[in-house]
Amino acid sequence: MSVTFGNSWDDILGPEFEKDYYKQLRQFLKYEYTCGKYHIYPDMYDIFNAFRYTDYKDVKAVILGQDPYHGPGQAHGLCFSVKDGVEPPPSLINIFKELQADLGYPPPKSGNLTKWAKNGVLLLNCVLTVREGQPGSHAGKGWEIFTDRAIQALNEREEPICFLLWGAYAKSKASLITNPRHHILPAAHPSPLSAYNGFFGSRPFSLCNKLLGIDIDWNLNT
């Protein structure tokens, strides 16, 4: 099964697919998706949507998640995003609350963040698949090697990027971002358990635009 992104990620990440760790990961995923014991999210054709929607050369900001939503119909390859018609999970609701407090945009009707992805926001989970109802079930299988390579490649970019690292897991990736051109914006995770401990009031969207000197369009209502 060859994977292509249709953009410059092909040259950057294509060699990963030939490495032993990824070949083992692919065998694991093939079993998980086809054995009939589990429901795996997202759909296998959506696994790499973050890279397909946001070309390497177009990345302006990165939001890092841990692994996909593990409920039916939620995950579609973009961290924190859900498909149209799916009720936004609590973390996403809190992201929309902070977006409104920060930039004044009212919460959108849909939790689909594809517009952000197409506007240069890489919505990257560090683990790209999960079993239904079992968060973290595909951790330690090789995805972290793959996505770390993507982060390292972004670190090599000359154009500045804002890395929005929400929560302890995302913050642990800060060690991969060593290029002084880039900006790291750490904050608490937007989940209900931690949002009041440093996510609300962090103003990540306006701060990102200010640091980059550009206006990423964060408005999901247009």
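Rings of Phe, Tyr and Trp (its six-membered ring) count as a pair if their centres lie within 6.5 Å, with planes under 30 degrees apart called stacked, over 60 edge-to-face and the rest tilted. By that rule the structure holds 23 aromatic pairs. Everything here comes from a predicted model, where local features need pLDDT of at least 70, side-chain atom pairs count only at pLDDT 80 or more, and totals for chains, interfaces and linings use all residues. Residues are numbered from 1 along each chain as its sequence is written, and side-chain values use heavy atoms, with hydrogens and water left out.

**View 1. Phenylalanine 17 and phenylalanine 146 form a tilted aromatic pair.** Their ring centres are 5.5 Å apart, with 35° between the planes. Phenylalanine 17 sits in the loop between α1 (9-13) and α2 (20-34), while phenylalanine 146 belongs to helix α6 (residues 143-155), 129 residues apart. Helices (H or I, at least four residues) and strands (E, at least two) are DSSP runs, numbered from the N terminus. Phenylalanine 17 has 8% relative accessibility and so counts as buried; the value for phenylalanine 146 is 0%, also buried. Here buried means under 20% relative accessible area, exposed over 50%, and partly exposed in between (1.4 Å probe, protein chains only). Both rings belong to one aromatic cluster, whose members include Phe5, Trp9, Phe17, Tyr21, Tyr22 and Phe146.

**View 2. Two charged ends sit over tyrosine rings.** The charged end of lysine 118 is placed over the ring of tyrosine 53, 5.6 Å from its centre. For arginine 157, the ring is that of tyrosine 56, and the distance to the ring centre is 5.8 Å. The criterion asks that NZ of Lys or CZ of Arg be within 6 Å of the ring centre and within 35 degrees of the ring normal.

**View 3. Phenylalanine 48 is among the residues with the most contacts inside the largest nonpolar core.** A nonpolar core is a set of buried Ala, Val, Leu, Ile, Met, Phe, Trp, Tyr and Cys residues joined through side-chain atoms within 4.5 Å. The largest one has 69 residues, and Trp9 and Trp116 join Phe48 in having the most contacts inside it. Helix α6 provides the largest share of this core, six residues. Leaving out residues up to four places away in sequence, phenylalanine 48 touches Val3, Phe5, Phe17, Tyr22, Leu128, Trp143 and Phe146. Contact here means heavy atoms within 4.5 Å.

**View 4. Helix α6 is largely enclosed by the rest of the structure.** Of its 13 residues, 10 are buried, among them Trp143, Phe146, Ala150, Ile151 and Leu154. The buried set also includes Glu144, Thr147, Asp148 and Asn155. As a geometry check, the expected span is 1.5 Å times one less than the number of residues. That gives 18 Å for α6, and its end C-alpha atoms are 18 Å apart, which agrees.

View 5. Strands pair if DSSP finds at least two bridges between them. Phenylalanine 199 lies in the loop between β6 (183-187) and α8 (204-212), so the pair ties together parts that are 33 residues apart in sequence.

**View 6. Asparagine 125 lies in strand β3.** All five residues of β3 (residues 121-125) are buried; Val121, Leu123 and Asn125 point one way, with Leu122 and Leu124 pointing the other. β2 and β3 pair in the parallel sense over five bridges, and isoleucine 63 has leucine 123 as its bridge partner. Asparagine 125 has a relative accessible area of 8%. Glutamine 66 is 59 residues away in sequence but 5.1 Å away in space, C-alpha to C-alpha. Beyond neighbours within four places in sequence, asparagine 125 contacts Gly65, Gln66, Asp67, Pro68, Leu78, Cys79 and Thr147.
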